[in-house]
Amino acid sequence: MTRALELAWGVGSDRGLRRAVNEDSFLATPPLFLVADGMGGHEAGAEASRAAIEGFRALAGRDSVSVEEIEAAFVDAVAGVSAIVTERAAAGTTLAGAAVCEQGGEVYWLVLNIGDSRTYRLQGGTLEQISVDHSAVQDLVERGELAQEDAERHPERNVVTRAVGAGSVGVPDYWLLPARAGDRLMICSDGLPKELSFDQILEALRAEVSPQAAATRLVHEALVHGGRDNVTVVVVDAHGALDETDDEQTQPVASPVPSTQTKESTW
Ligand code: MN
């Protein structure tokens, strides 16, 4: 028995108002929704984030992926980023997002994170940050030495403690969440939470029905609030998880299933 998840999604990415180059990259092609935020200065950061995304591109267009396939793609991503030669510090990138993952006939979001890009889930009107930042300020928060609400203003807020490349040998953290109709995931680079509070993000995600409108609005609001960093937002909606009975599964499919996909974009 298989279950199909109907997805709709939208993407926005902007250089911001202070940076010369957009070093963020993204992949928004089912079953993969990823954001990477490159580091290393000038073109090296942009090259690193693109290389990390390229490691996953072979899985784009599939119905779902396995945990093992994502882990193997991550190895490819690390190899791609490590191959970038820079004159300065080693190039690196964050990587965050979600993949549609099928296990035992059930559909899950496989959320992965390395670095300080983020994945949030809006479910039943409640917004939750799924990923946990690998950052110096997050370490301080977890040790009880810094309040969460002060983290975005802390002078060390840009210090990432785990990354793809940049001398890091770390692996991502993974979360496997059952996918439900009505779920909205939002994946973003740190340029978004630098400018918008949790409540401002929640407000935009609740107010905008279309995922593209939500992504566009969040990027726009980040710019209005200062746009100090590159900002990238991917919003993914699950419209339905349809159970197919065994009887239905044995019938020939007369025509392709209509797609609710609204946008396919890569950068
Ligand atoms: Mn950034």
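Started with the spacing: the donor residues of the manganese ion run D-x152-D-x38-D in sequence. I took donors as N, O and S atoms within 2.8 Å of the metal (3.2 Å for Na, K and Ca), with water not among the atoms, so sites may look incomplete. The protein donors are Asp 37 (OD), Asp 190 (OD) and Asp 229 (OD), at 2.1 to 2.2 Å from the manganese ion. Asp 37 sits in strand β3 (residues 32-39) and Asp 190 in the loop between β11 (184-188) and α4 (198-207), so this pair ties together parts 153 residues apart in sequence. Helices (H or I, at least four residues) and strands (E, at least two) are DSSP runs, numbered from the N terminus.

Caveat for myself: this is a predicted model, where local features need pLDDT of at least 70, side-chain atom pairs count only at pLDDT 80 or more, and totals for chains, interfaces and linings use all residues. Residues are numbered from 1 along each chain as its sequence is written, and side-chain values use heavy atoms, leaving out hydrogens and water.

Next I checked burial (under 20% relative accessible area; exposed is over 50%, partly exposed in between; 1.4 Å probe, protein chains only). Asp 37 is buried at 7%, and Asp 190 is buried at 9%.

Then the cysteines. I searched the whole structure for disulfides and got zero, a disulfide being a pair of cysteine sulfur atoms within 2.5 Å. Cys 101 is buried at 0% relative accessibility, and Cys 188 is buried at 0% too.
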